[in-house]
Amino acid sequence: MPSATRAGAYLTVDLHAVRANYRHLRALGGVECGAVLKADAYGLGMAPVAAALVAEGCRTFFTAHLDEGVRLRTLVPLDATIYVMHGAMPGAARDCLAHDLVPVLNDPGQLEEWRALARETGRVLPAALQFDTGMARMGLAGADVDRLRQDPAWLDGLRPQLVMSHLACADEPLHPINLHQRQSFDAVRALFPGVPGSLANSSGVFLGPAFHHDLLRPGAALYGIHPQPGGVNPLAQAVSLAARVVQLRSIDAGDIVGYGARYVAPGPRRIATIAIGYADGWLRALSGRSYAYVDGVAVPFVGTVSMDSITLDVTGVPDERIAPGQSVDLLCAQQTVDDVAAQAGTIGYEVLTRLGSRFHREYIGL
Ligand SMILES: Cc1ncc(COP(=O)(O)O)c(C=O)c1O
């Protein structure tokens, strides 16, 4: 990681905010609250985030990839459960077992893979079963449910300890698919009396108690992303980002700025170039559409976002406040992850998970 004096940009992760968000979600659900730490805890850093959540009492974690689970296993207490959501992919079963990871079984092939290992080791292996309730992405399908109904021995050698599904439109509370998915999930759960169920991701937690079941499975909301766009975000912002000024220049009317000559100065302008670009996850789609903040005052992006730099119109900002080496804010009280996502035409998840590796990172509350 670059030192604070050498970095082009500083990322600050507030672990107090992550912890507060975890407590908020757990209190809202009134049931166990797990945490999704895939993609390096959505870009915030798996190790510090895991430590913060463990301190809050979290003992159930989800990763997407096997190797994320292997890493997480070294970071959480032995009694913590780690589910690998991509499951027992071909060739992965043995490593899941070796690292005490529970695969989420998503299709008959994964189920058979895990059962084969159970037979080979003479053990009954724990498993999570994921059912597709309408998203057609991952999970056992309707025909598999029929087979399970007719032939419960299909699970011989396995001990299901979680039944789960995933919501397609939880961030749209009025979308009819939410109710449809919940009813399908409740129907399939009835086949597994006594086995805990989990349906709610972050937004699902805000759909009400009928969606909470036994275990909440939030990722984004832990990291401050607004779970139900519109209205006030009930969660605390966990990330702030500032980038340093590399260079300042004055330009005249008619001068162009940046690749593609997309910005033509309408009059004399002062331009600041900052040391962050799309290689750091500050998306090219933000060209001409986003802002940096200098002491809380917005200065617009002008021209095209480059790989390593962005040009700002800082006309009118006092010289003593905008000199090379000084920093401007990109994620701050005035501009949240969700704001930046909206400017780029994407979602906060993508903004966070693309945060680059060239930042100097600081963790508050480590
Ligand atoms: C199966 C599953 N569960 C839970 C989550 C967490 O979702 P969110 O970040 O919206 O809380 C994800 C994230 O994509 C997921 O794929």
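Reader: Are Phe62 and Tyr83 buried or exposed?

Author: Both Phe62 and Tyr83 are buried. Keep in mind that this is a predicted model.

Reader: How are the rings of Phe62 and Tyr83 arranged?

Author: Let's start with the general idea. A pair of aromatic rings is described by the distance of the centres and the angle of the planes. Here the centres of Phe62 and Tyr83 are 5.1 Å apart and the planes meet at 20 degrees, so this pair is stacked. Phe62 belongs to strand β4 (residues 60–63) and Tyr83 to strand β5 (residues 81–84), so the pair links distant parts of the chain, 21 residues apart.

Reader: Which charged residue sits over the ring of Phe62?

Author: That is Arg217, whose charged end is 6.0 Å from the centre of the Phe62 ring. Elsewhere, Arg147 lies over the face of Trp154, with 3.9 Å to the ring centre.

Reader: How many aromatic pairs does a search of the whole structure find?

Author: The search finds four. One of them joins Tyr42 and Tyr223, with 4.9 Å centre to centre and 45 degrees between the planes, and this pair is tilted.

Reader: Why does the pair of Tyr42 and Tyr223 tie together parts of the chain that are apart in sequence?

Author: Look at where each residue lies: Tyr42 is in helix α2 (residues 38–42), while Tyr223 is in the loop between β10 (215–216) and β11 (239–251), so the parts tied together are 181 residues apart in sequence. Tyr42 counts as buried, at 7% relative accessibility, and Tyr223 counts as buried at 1%.

Reader: Which residues do ring pairs link into a cluster?

Author: The cluster consists of Tyr42, Tyr223 and Tyr349, linked by ring pairs.

Key:
Residues are numbered from 1 along each chain as its sequence is written. This is a predicted model: local features need pLDDT of at least 70, side-chain atom pairs count only at pLDDT 80 or more; totals for chains, interfaces and linings use all residues. Side-chain values use heavy atoms; hydrogens and water are left out. Rings of Phe, Tyr and Trp (its six-membered ring) pair if their centres lie within 6.5 Å; planes under 30 degrees apart count as stacked, over 60 as edge-to-face and the rest as tilted. Helices (H or I, at least four residues) and strands (E, at least two) are DSSP runs, numbered from the N terminus. Buried means under 20% relative accessible area, exposed over 50%, partly exposed in between (1.4 Å probe, protein chains only). A charge sits over a ring if NZ of Lys or CZ of Arg is within 6 Å of the ring centre and within 35 degrees of the ring normal.
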